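Subject: Structure for your review

Dear colleague,

Please find below the structure that I am handing over to you. My findings follow it, and I would be grateful if you read them with the structure open.

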Amino acid sequence: MQRRNFLKLASAMAATRVVPVGFGMGALAQRAYAASPNYSSVTVQTPALMPQVINIFMYGGASELAGNLSNMLDINMNSMNDYSANSAFGSGILLPAEDNDPALRNNGGQITANGLWKRAGGTHMEDMLSAGDMSIYRTLYKQKSPTRSHRESIFMSHKGTLDIEGSPGIGSRLALMMTQHESSYTGAPLADGTTLGSLSELTLPFVSFEGDSQTFALDPENNLPLYLRGLTMDDQFNNPYTRSGSTVGDSEEAISNLLQSRLQKISASRSQHSKAWDGFDKREELSQRMADLGSLLEADLPEGVEYPNTSFARQLRSAVTLAIHNPQTLYMAVGTPGLGGWDDHNNGVDEYPDRMNELMEAVKVAMAHIKASAGVAQTLTGNTRTRSDNIVINVFGDFGRLVNLNGSGGWDHANNQNLYTFGGAGVRPTKETAALGSVVGTTHREGTSKTNNQYTVPDTDSPTWEPMSVASSIYGYFGATNSPILTATPIINPEGDVRLEDLL
Amino acid sequence: MAGVYIKGFLLVVCGFALLGCKPASPDQDGSQGSRKALSYDHTLSQSEFNALAATDQYMVANKALSSMYRGVAADEFFDLTKGLDNPVISQTNFISDLQTQLQTSMSSDQLTAAYNDTFGTSDNPSTDIDESIPARFTSLDDDHPHQRYMARMQNYPISRDQFVTWMSYFLANTIMFSPAREMESTESQDITRVLGYLKLSIESSTPIRDVVRGWLNNLSRWRVSRSPENHALEMFELYLGIFNDTPEEQQNTINGGIACNNWYLTDNSDGYQLLPDPTRPDGAGATVQVFGQYINSCDELYDVVAGHALLIPRVTEVIVNYFLDGSSSETKQALIKNIVSSSPSTFDDIFLSVIFSKSYLLSSQRPKTFEENAFGFLNSMHYTPRADRYPLDRAVLRRVWDSSNNSLPVAVHNMGWAAMDYKIGRTPFLPMDVLSFATYHKGIREYIFLNHLAYDGRRHPKAEDFTEAEVAREPPFAIHNGAFYVAGTENLKPELESLTAPEFIDLIFMTALGRRANAEEQEAWLAEGLRRTYVTDKEGVYQLTKTNGDAEWEYFTDDFARVMLDYISRLPEFYYYRAVGQ
């Protein structure tokens, strides 16, 4: 197109396609208003054991191949670029693995017994499957909203709903459900043998290790008490909550008195600056609390438990440490920092397998850490942890990726991904528990051969879930018996999404 | 000859420096553009500004300036010799002057002087005189090239040049132009590239469509998108607001990828370079349809995007969303519609319209970013990063924008607000989670208010540092006083001498909070001032205490201000812009 044609096009389009900007966003906001869940309609049974959930999110959307090489021969035959080339993954990508030795993960055939990618964390996953610590669900498939946009997909997964604008996140929905049904939780057993009292007395129940996470986005229609809102921590339990500095000498009392008086008088207008108010309130609480937590990371790990020296492993260690020592921490959001993101449009050849391996190696250590805690670990309340099978770890991302290996050595966005889920045999429903140790769901390749737009889809006889089913399952662990209500959206998804359990 | 030379040199430098601490006019001769005050219905006019109460005028003035990380001091905005009880505004045409100045470029001499004043210059060994200028900013990190832009933003006179630098920095922190340093495929050169591209483009008044068109085939854009199909997808999302929701949109993305399929990004070992793929047919290899247009190459796809009707509304929306965070959807939509209706061509058009919109200046209330809050305050307090000893810029500048192994609470990346890092740019809302906010509070309280005192004046460079040096010379830059003291002393500035203690309390509150102290606060701080002898009761008139001691320790003004600022830092309202009348 010549320059003059571009200019003609610009003016022509300006004349014919003047779409009011924000129309789409406005419409979504309207839907969000209508979609605020009716928490009182949820029915809750007291959990036999209070769960603790760690949701690890793979930002960028990871390729499914680490957990699914079952279609590899067909994929390679139709790919524009050859997976088995030496400049790509080598001929081993098409061959069965001869061993499951992590030290030899780069050698020989790469397709493990369960169709996993040996080099891409496959050896660790096989170990965890053998130990009954893990399930792989290969058909977490976005169909209701097929968008391949990061933002929309991330929000859908973090909020457990198609209605992403102005709607609450999974953590806030869970907290509001618990608030509405507090009596169902009174007396629920925790993993250290104590029972849950008032929700207002819980210590650090909702925590984010990934900063300001959408999973704790508030519900504009329903006020969530401050004590149940998500708190953010860093992976060293650093404590920016204290006040120091070249201080004001003995004016502290004058400052405090005036402040107390002023805040009391203007508390009615708190909503104008609510986030800063909340921040100050929580600062006071955390100032002391973080001092207690810092020492937990300095304690020796159980024998044989050694986390890899990576940013992600440090964050996971912090989350697991908090979960182990504080059974009152019920839900945590964790990212995968330091692993470089999963948006592998390019250079997947060099980066993806090692990154998946680092991830799975750290999770395997975390599972060993969790399992070693029962009967040993002291909790913050001074009790001994009695159970370790209430901790669930979920790993998933924005969406999956195409299976055509593109010219930049990576994969573009697509809609089928794996859910890797670990532990929690004591809090999962029957069939989910039975599925620990298994790979669930089957797929096949679709799309035009030798083009970029090739992807896997679930086989017609395979169970298939939307990403919102992860949220639905979490609500179920916490006692919701009709959890799809919490993922439903009027008109666009009125029935909501089933739990994993419901299709097994 | 040497004497003539240095006199001329100083005239340039001091001429510049006189402009440096308030929104004064750059040289009109070097100007570009229309240089008129804005006259849109949606922007604030001088007469509307004049109709506000004096304290609200000051708040609004600083809301506008702090959006660009600048501020106007109360002793410049008001005539403090007449007190603060019934303030007399000395800058009577502030808003229209500011609007004009932001459209007026500096002359090349002024630019050179501003550059030298900011980054210093060494002596010319071939002359007998010392022509060196100590840098105002001495601690800059090459791995964070945006620090040099921040230094310009802080030090250049309010002018189009300063505004262009700020716009470039702002845009480079949005999803549209972020260099995404967090990604494995990018490096600090991408920061330099994007900032340089934006600055040069905006400086020359390049139309927005051409700025976007030129950016789409830039290596740094490709290093973020990385594959042909994703390059197309991100183009549609970032610049058109089309989010791949429908099968038709997905087909546009797929076809866009085909159009760009003869380009690829090399891998890490080859340095992530953008290369044409000789194994593919030239162009798309086939005609494909995108948004109803038939195209044959990536260049033609760029033309389609840059020429799309949604481009200007989308760019406007992205910018408006930052400024009107927390406002209703209707308010945002109305402003976007008004701006788009005014047919903006350049980024200047959009930013001026947003910053000076009535919906932003008069009605919005949203959290201030750390940069807006800290540098708005510091600039309203005559701060200097160039102290007479122990330079302050490391504490107040470098550490803010150094995201490598920097765990200090003053660093914005520890507040979830890193500069240049995020693939999706900074979110259009400030992260206010507990950890981010605690870090923000700690950073501003300890580093800006209490510890480093870059503002009080005691450590500001003074003329004697040069005139009484071993080889004496005139100061190579204008000497300016701090918020309270004559440069390099603890002697109160003459313009503050007539303030009573209650007026001084108001001065601190108005500068930091944009409002006067209320009755309870006045009473409490007067009492505390008396108790700690910061305030003296002279026959019923409360005055700032003067010790009559060593001139270095003549006043306790900084100590008094510090305890009040500590209190202010604990008020939730301090972290928000307020609406007029709120």
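How many residues does the contact take from chain B and from chain A? The contact takes 72 residues from chain B and 63 residues from chain A. On the side of chain B that touches chain A, helix H21 (residues 434-451) of chain B provides the largest share, with 11 residues. Sorted by class, that side of chain B has 27 nonpolar, 20 polar and 25 charged residues. Please bear in mind throughout that this is a predicted model.

I turn next to chain A as a whole. Its secondary structure comes to 13 helices and 12 strands. The radius of gyration of chain A is 24 Å, close to the 23 Å that the globule rule gives for 504 residues, so chain A is as compact as a globular protein of that length. Along its principal axes, the C-alpha trace of chain A spans about 75 × 70 × 50 Å. Of the 504 residues in chain A, 55% are buried. When contacts in chain A between residues at least 6 apart in sequence are considered, 74% of them join residues at least 24 apart.

One helix of chain A deserves a separate look. Helix H10 (residues 311-325) of chain A has 15 residues, which at 1.5 Å a residue should span 21 Å; the end C-alpha atoms are 21 Å apart, in agreement with this. In H10(A), 14 of the 15 residues are buried, so this helix is largely enclosed by the rest of the structure.

Chain B is divided into domain 1 (159-306) and domain 2 (491-575). The centres of these two domains of chain B, taken over C-alpha atoms, are separated by 53 Å.

The largest nonpolar core has 297 residues, and those with the most contacts inside it are Met177(A), Leu301(B) and Met564(B). Helix H11 (residues 348-371) of chain A gives the most to this core, namely 11 residues. From each of domain 1 (159-306) and domain 2 (491-575) of chain B, the core draws at least three residues. Leaving aside residues up to four places away in sequence, Leu301(B) touches Ala232(B), Gly256(B), Ala259(B), Cys260(B), Val290(B) and Ile295(B).

Glu361(A) lies in helix H11 of chain A. Is Glu361(A) buried or partly exposed? Glu361(A) has 19 other C-beta atoms within 10 Å and is therefore partly exposed, because a residue counts as buried at 20 or more. The C-alpha atoms of Glu361(A) and Ala313(A) are separated by 8.8 Å, although these residues are 48 residues apart along the chain. Glu361(A) also touches His124(A) and Pro308(A), again not counting residues up to four places away in sequence.

Asn347(A) lies in the loop between strand E5 (331-334) and H11 of chain A. Its phi is near 60°, a positive value in a residue other than glycine. Asn347(A) counts as buried, because it has 22 C-beta neighbours inside 10 Å.

In chain B, Asn244(B) lies in the loop between helix H12 (228-240) and helix H13 (247-259). Asn244(B) has a positive phi of about 60°, although it is not a glycine. With 22 C-beta neighbours inside 10 Å, Asn244(B) counts as buried.

Yours sincerely

How values were computed: Residues are numbered from 1 along each chain as its sequence is written. Chains are lettered from A and ligands numbered from 1 in the order in which they are written. This is a predicted model: local features need pLDDT of at least 70, side-chain atom pairs count only at pLDDT 80 or more; totals for chains, interfaces and linings use all residues. Domain bounds come from an automatic or database domain assignment. Two residues are in contact if their C-beta atoms, placed from the backbone, lie within 7 Å. Helices (H or I, at least four residues) and strands (E, at least two) are DSSP runs, numbered from the N terminus. Ala, Val, Leu, Ile, Met, Phe, Trp, Tyr, Cys and Pro count as nonpolar, Asp, Glu, Lys and Arg as charged, and the others, Gly among them, as polar. A nonpolar core is a set of buried Ala, Val, Leu, Ile, Met, Phe, Trp, Tyr and Cys residues joined through C-beta atoms within 7 Å. A residue is buried if 20 or more other C-beta atoms lie within 10 Å of its own, exposed if 12 or fewer, and partly exposed in between; C-beta atoms are placed from the backbone. The expected span of a helix is 1.5 Å times one less than its number of residues. The radius of gyration is taken over C-alpha atoms; the globule rule is 2.2 Å times the number of residues to the power 0.38.
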